[in-house]
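Please walk through the sheet and the nonpolar cores of the model shown here.

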Amino acid sequence: MSYAYLFKYIIIGDTGVGKSCLLLQFTDKRFQPVHDLTIGVEFGARMITIDGKQIKLQIWDTAGQEAFRSITRSYYRGAAGALLVYDITRRETFNHLTTWLEDARQHSNSNMVIMLIGNKSDLETRREVKKEEGEAFAHEHGLIFMETSAKTAANVEEAFINTAKEIYEKIQEGVFDINNEANGIKIGPQHSPTNASLPSSGQGAGQGGGCC
Amino acid sequence: MFRSRSWFGGGLWKPKNPHSLEHLKYLYNVLSKNQIVSESNRGLLVETLRSIAEILIWGDQNDSSVFDFFLEKNMLSFFLKIMKQKCGSYVCVQLLQTLNILFENIRNETSLYYLLSNNHVNSIIVHKFDFSDEEVMAYYISFLKTLSLKLNGHTIHFFYNEHTNDFPLYTEAIKFFNHSESMVRIAVRTLTLNVYRVEDRSMLRFIRDRTAAPYFSNLVWFIGNHVLELDACVRNDADHQSKNRLADLVAEHLDHLHYLNDILCLDIADLNHVLTDHLLNKLLVPLYVFSLDRQKVKLSASKNSSPYVSSVVSLFLLSQVFLILTHAPLVDTLAKIILHADRLIFSNSSTQDKIVLLQQGKTSVIQPGFLPPTESLEISLETSLDVSSRSISGDSADLASPCISEPRSRQSSIEESTNTTEQGSEGKAKNDSEDMNLNITDEEKHMLKVLACQSGAVPCPSTVSGDVQALSSEGPMLLSPEGPVPLAQPLSTQPFIESVYNALNCQENDYAALFALCLLYAFGKNKGVSGALLHGVLYPCQRPEGPCSPLSHRYNVPVVERLVSVITLSCQPNAKVRLVTLELTIRLLTQIVIHANSSFLQDCHLAAIEGAKEESSSVLRNFYKSEEIFLDMFEDEYHEMKKKPLNVEWLTMDSNVLLPPTGTPLTGIEFGKRLPCGEVERARRAIRVFLMIRDLSLVLGMEEERALPLTDTTACVQVDHVLNLNNSDLIGCTVVSKDGTRVHRFLVIDVIQLILVEPTRRLGYGVAKLVGFLQDIEVTGDKDDSRCLHITIHQPLSSGASKRVPLLAAKFIFDDHIRCMAAKQRLTKGRSKARQKKMVQIARLLDIPASQPSVPSSAYNLLTARRQESALRGGVRIAGGREQRQLYNIQKMPGHAAALRRESTPSPSNTSKSPDRTRVRESSRSREVSPKPLRPRSEEIPLEDIAKVKEQGALLKDTVSVPSSSSVLVPNSTSYSPSHMSYQTAAVSESVSTGSSTSSSSSPPEQSEETSFTRQASQGSKNSGQRRRGQVETV
């Protein structure tokens, strides 16, 4: 469970776009959605590997806290990456992106990597927002873009991992001040003895499950 | 029966359908067989817990029997049992995540109630997890936060027990209020806000009586320590080295204030009272306000060792406070203390205590002073809560240790029975960083405590009561609602506001002045500060009669004097006043002296402002050059100023301004927030200073802006306008853009604009397809093709386009070389004339003496007067008109026009040489200084008329070339359509600007205006220069 870096993410977007489902799908992909079961969660963590390095992602959903200015403000500030999610079957969620983005840019640190996600790509028949529109928006505002489906798990991994790659690159370039934890990046406990004594079985199960 | 069914039906074999009651039964069986967590079954347990969550949510949405089974078997108790063993973070995390999923996703309210009803959840909450494991901590706090989102008037009773006075969800969470991990702190804050907004009276009473004082005092101390850290950062960083750190500390302080404001905005009276009390007495007054006046503090009582921050930091932070917090009892009291409190407040800190007391009609129990809480939050909570009721938490003894340093190892569970010593060391190693932080804080706390005790900054309770007695007579003075009262008092009795005023002194630099301005501005903007307090201080006194009736007492003279001196200083070359300071000064000044659209500014102050305006224009005159860049800079600065008015809220979020002002752009600080660097920036600054003070002068004089912006956009042609082109010169061309698309267009060159039109169906009309300003074009010829021009039209500055992508960059192909050359010359000429015209406008703004007679300095009034005057003379009209028309025809010859351009600038001394030449010159000049761009609308001229004109023109000696020039430009035989248009072009004078004069030929009365001047001009040399200037304007 030792990691080289810990990246903190936040997930933002209108309610009902599937933020918490994306999160659960990523952190605990064993939740195979069948029977129209929608399960979400507000927090999750998972280990990924980039460039041979173990990187831990901590994802905090900000849902339900919009009423308090202080809370959204602080969340933005504490994150290194943000997933900005809209629902491709609901035009209005796409239209609100500008507001979300303004908020994010205003409160976050300027290096925060923002990924735009068009969720529910499995519902092609009910699509209201074209993929090109999402691409254009992302291009215009300098975001990475991807269409995902929390339901079929399509592109969910990629969305989180690509964001992490971007952050990782920024660290390599020296853009992020990694010694400053307020950026949402933490350096792992490098030589902590606890890591060595970790039982391998638990570790293996944890990785297999994609949990923790 | 049931048991056996579950045993055989779903117990042994894993059912195929993961979403079924059978599956849950199977999972139950697994749990009951694995009640002891061991190395071997941990993986299985995790998987089981995960599946339970999934199945329960499925059941909640699809099959209620699933939930019934879960409750019937009391499966939550398994969770507890597992938890109570030292199960290791792996199992713990899954357990917490399962609970998270459960509470997050359950929709059925009854299910939720059942889940909560047996108090298992509270047992889980108070369970002492291994919080040193950041993962466990994160899942735990997320779980609590998820629960808090489920709180409402009904569910609150599952968490808050009125009888035992127990509210573990809240009290356990707030113990992490100062956790080192920011996300944890945020989660705690979210939870507290979610709790406060549940409207349950007894719960809120519990919060207030049992937790508010400990929580708020700790919170306030926590904030105060951040402030001290921030101050240290500013102190030790004069070279802008730790910008990131400072930015974080500033943002952190803003976060604190927003959090406090969010609480206060929930408007829970009792809670707000306690919070306000703590904020004022424990933080804002003793740390922020007292720091305004350090010297006085030292002098008065030699209490120089109580913690303080620099006055710059204090002004900055107080500005933030007043910009964010709006809770009236808080901000009003604080404003009152800053504005009115006298020096006695130092010797006697009970004074502001009394203010609070009187303000709110309630007794304050808090002794003022920035001091650490007497005990840690956990101890306070423990003692204030009824310990006996807390049977759940058996091991409450170790609560005394600060929560973030729980000396537990996350390893403890993994190998539970063995190697406890090893665990301890591991845990210690892991917690090292945290402990370090903690140690620092503790040291600091200790140090501060000692210092505070030594200094005696805060009187011990025994003295206070006596002081209150002694000072009770001061009460009415301090709380007087009379606005003008402070004016009557000499400043020196009010040390705080006096030091704010003194900070406005910009002789050396404007470091502190900027924040003093911010603070005063924030006072005025704060809704919570009562108006009575500010009238006469930050707003004009509203009562014309009474003690403040003389004009001099209508506003705060000491402040205005200082503001005026800031303005005066900023006009001097090499002034140390930043643009942002000047802008804020001006805004504050207008706020203080202007009320209901009238200015109360005394003459002496007004004179100083006017003097400053003079000064600023004289500074700017030194930069006035005919260089192209000056015009661009001028317009750029103007648009910047109009586009981005100063936002003080944002200014006080910028940690950069907290560092001493600097001049180098290498710091990345915006231009307005630093001093200029280099000649170009000094020019920009001079422009901006001039524009701002000119603006102020207009506002004070209640005058309207007439001269700016330089381009009157309302008079400009816009894309898609349909234009009457019957009398315009059109040059047909093919526009080839970068991507290879070709379109056929007609090029029209207006006074200030270049227009590409497409003909409409209606003959002689066209639609503007592209409009650009001539001043922004770049024209170059093509080496290989003599019929081609490369034209780039840049975005106008006013468009606000950040990326300066050209409006158009394309190749223009003309019919032949001659037309291409003509177009090039006219574009180049048009560009320089458009620019020249604006430079003349600027020169007029700066009162640069008109070296050129062509300066259209006198305004339209003069012009109209002359028109009326001339209208009286009838006889000469027509002849003159004809003459005029001919002159325009002359101008159509491109080569000729270019030559004339040079002539148009020099002095008028040589104009009288030949009447003909004069006419030519004037006509050419008249185009360049044409006061407004005229649109060729409704100016159809009968063709015969033009033909006649042309004939007559041919008679004039100087116009011999007319026919040839027109034929060169647009031969009648040209191939492009509509032919009607081309004919018009050939016949009619060239530019749109001549529209009015052309039209005048068809309407005699108007014509007379024009012609009479021309006649006078041609009459010659005896006319005064002024008169001649007048003529020029008219066309």
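**Sheet and cores**

B:Thr780 has B:His790, a residue of β9(B), as its bridge partner. Strands are DSSP runs of E with at least two residues, helices are runs of H or I with at least four, and both are numbered from the N terminus. The model is predicted: local features need pLDDT of at least 70 and side-chain atom pairs pLDDT 80 or more, while totals for chains, interfaces and linings use all residues. Residues are numbered from 1 along each chain as its sequence is written, chains are lettered from A and ligands numbered from 1 in the order written, and side-chain values use heavy atoms, without hydrogens and water.

β8(B) and β9 (residues 788–793) of chain B run antiparallel and are joined by five bridges; pairing requires at least two DSSP bridges. Both strands belong to an open, antiparallel sheet of eight strands in chain B, ordered β3-β7-β6-β5-β4-β10-β9-β8. Because β3 (722–724) and β8 (777–781) of chain B each have a single partner strand, one side of each is left without a neighbour in the sheet.

Helix α36 (residues 817–845) of chain B lies across β4, β5, β6, β8, β9 and β10 of that chain, with contact meaning heavy atoms within 4.5 Å.

The largest nonpolar core has 280 residues. Such a core joins buried Ala, Val, Leu, Ile, Met, Phe, Trp, Tyr and Cys residues through side-chain atoms within 4.5 Å, buried being under 20% relative accessible area (1.4 Å probe, protein chains only). Helix α13 (residues 201–235) of chain B gives this core its largest share, 17 residues. A second, separate core of 25 residues includes B:Cys733 and B:Ile791.

Definitions and conventions
Axes are lines fitted to C-alpha atoms, for helices over the stretch in contact, and angles run from 0 to 180 degrees between N-to-C directions. Buried means under 20% relative accessible area, exposed over 50%, partly exposed in between (1.4 Å probe, protein chains only).
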